[in-house]
Amino acid sequence: TTVTKGRAKAIVYATGMSSEVGKIAKKLMETDKNKKTPLQKGLDKMAWVLLIIAAVSVLIVFGANKFKVNSDVLLYAIGLAIATIPEGLIAVVTLTMSMGVATLAKKRALVRQLVALESLGSVTNICSDKTGTLTQSKMVLVRAWLPDEGVLHVAGLGFEPVGVITRTRQLTKSSDTRVNFVTDNDGDNEKAAVESVVIDHTTASANVRRLAEAAALCNMSEIKCDAATGEWFGIGDPTEIALQVFASKLSMGKPLLTSDTHQWSVVCEYPFDSSIKRMSVVAVNNITGEKLLFLKGATERVVPCCTGRQDSDQSVVATEPDDLQAYLDPRIQEMARDGLRVLSIAYRYLTKDEANIDMNKADREGVELNMTFLGLVGIYDPPRPESLPSVMECYRAGIQVTMLTGDHPATAAAIARQVGILQHEDDDDEKNDSHCAVSMGHQLVMTAREFDSLTDEEIDALPELPHVIARCSPETKVKMIQAMHRRNGIVAMTGDGVNDSPSLKFADVGIAMGLSGSDVAKQASEIILTDDNFATIVRAIREGRRIFNNIQRFCCVLVGGNVAELVCLLLGLAFRDKLSETVFPLSPVAILVNNLLTGTPPAMALGLEKAWPTIMDEPPRPPTSGLFSWEVQGDIAFYGLSIGLLSIADFWL
């Protein structure tokens, strides 16, 4: 905890492992990641099997010579034992996985533990954050709404303050008699005409200008243009940068209002507080001398401060907070369904008494009262262009993607539809605007509170787990991982905060964010994304599948070669020279040369083989499937016997 100002009494209610940080440490200690992977188990099993075969082979050599052991018989037995062991296998496995790590590093995924490469190939579920992973984390204000003024549609993406602003509103018959109205076929109902007007700082209404002033002045961010590259960039909170860009598109950015024209001066700031989710400033109009308080924040925290709303004729309509909230809810839901993050903006004139005192010393709770509601702004965090193709690739590969986010359920569902996590079942659904509601009815979208209230039995009884969890907490992430494990899933989980470290540990593959992640999250993870991009996760899974397939390939080659040598040498016991002594089809030196020089380099080449194009069109490898599947064992036996029989036949001829 960082204390920035003020006075407080601290009460210690827990220490050590009972504290909040201690609870996180305890969860990290409870996770067991020392279990061997299927690859490790497969290699261990292979080692024991080969050891037994080598011992039995030595006994066969001694038995064929009636246990009359001389130097030649002993050398033959040792050669047979050497032929059984694939000396280069471990080196090739390590080299292949190391090269895989280097390849992933070039693809912006840093692998901290080699075993994660194997787990990646078996991943069945990806649990991903939204902001910055599926989206660009580049907040853009695309829509605003003012009571009785209509909707402002703001064009332009990025930080460049360029974009057309269009005001759209419905005109009632009483508001403009010059407008032609559309009549329904039955002649009874008249529909209001829609007016669309492009506005700028000269044609904008007083309310729109006031909204832009609030967005620019109640704001600590800056936007600048790089002189070398000509690109625009923002400094400060992404949300405030979006508001500043909007104001600048109306030529009413903070630098213009405060520095160039010296029309406004900000004399007091009440900073953003996460507990009350709002921020306000006191600004002075140097031309008129008036002092105004501008307020912005979450709607549910701004509305209780308001006693009225701004009308189109600049009058204030008195209203109770509950009535105002009910008045705003349809607009908020509409914006949220479009994937927008909604903020509210309000203002008021300071009283004469307040204008004569230092507002920095005033009580904040007593200042942020009797506000006049100005309007809503909708901020869009655009999905990454590569998110939708990557999610589609996951579905083709049999991998379920789950979004875990702190956003409003409607906002989360809207973004999930845009990136393909929530999909329409048929063409009719795509035309149905209530798809989100349909999905939520099928439990594809749930809040963390709803999911946490379910017991393990109730979760296991669900036809499928939710695809989107809104208002998600770190505890919910752990519960989701446990639910997926009970369904025999292999889970890759993303995280960036300290509280995410338990879920990263519980997951089969913990993936930390390199740009926004905390050091604790990075230490708890197996893989770190240097670009915080969901597409990088998919590329890593593709690489994991490639590596495991290549390991199976060269294991088939190396172990098959050992089986061939074993067959050749065992059948070679049937041959005797004129003195009835053992004949060597392969000398020990030839066996070592074959294993280390002739066999190992081609196996290394197989380890670097590229993935075939359809590798992501196949389902994940079953978690119980080890390195030596029945198919691989059959290949080893077939190739080993074939080459062994050909070799001994060649020797006999």
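Is Asn488 buried or exposed? Asn488 is exposed, with a relative accessible area of 60%; here buried means under 20% relative accessible area, exposed over 50%, and partly exposed in between, with a 1.4 Å probe and protein chains only.

## Basis of the report

The model is predicted, so local features need pLDDT of at least 70 and side-chain atom pairs count only at pLDDT 80 or more, while totals for chains, interfaces and linings use all residues. Residues are numbered from 1 along each chain as its sequence is written, and side-chain values use heavy atoms, with hydrogens and water left out.

## Two loop residues with positive phi

Most residues other than glycine have a negative phi. Asn488, although not a glycine, has a positive phi of about 60°. Asn488 is found in the loop between α19 (474-486) and β21 (491-495); helices (H or I, at least four residues) and strands (E, at least two) are DSSP runs, numbered from the N terminus.

Lys66 also has a positive phi, near 55°, and is not a glycine. Lys66 lies in the loop between α2 (38-64) and α3, and counts as exposed at 67% relative accessibility.

## Helix α3

The buried residues of α3 are Val73, Tyr76, Ala77, Gly79, Leu80, Ala83 and Thr84. They cover an arc of only 160° around the axis, which puts them on the same side of α3; the arc is that of the directions from the helix axis to the C-beta atoms.

## Cysteines

A search of the whole structure finds zero disulfides, a disulfide being a pair of cysteine sulfur atoms within 2.5 Å. For Cys305, the nearest cysteine sulfur is that of Cys306, 6.5 Å away, too far for a bond. Cys305 is buried, with a relative accessible area of 6%, and Cys306 counts as buried at 1%.

## The lining of the largest cavity

Met139, Val140, Leu141, Val154, Gly158, Ala242, Val245, Phe246 and Lys249 line the largest cavity. A cavity is a set of points on a 1 Å grid over the protein atoms alone where a 1.4 Å probe fits but cannot get out, and lining residues have an atom within 4 Å of a point. The elements that give two or more residues to this lining are β3 (140-146) and α7 (238-249); α7 gives the most, with four residues.

Terms used
1 Å grid on protein atoms, 1.4 Å probe; cavity = no way out; pocket = protein on both sides within 12 Å on 5 of 7 lines; lining within 4 Å.
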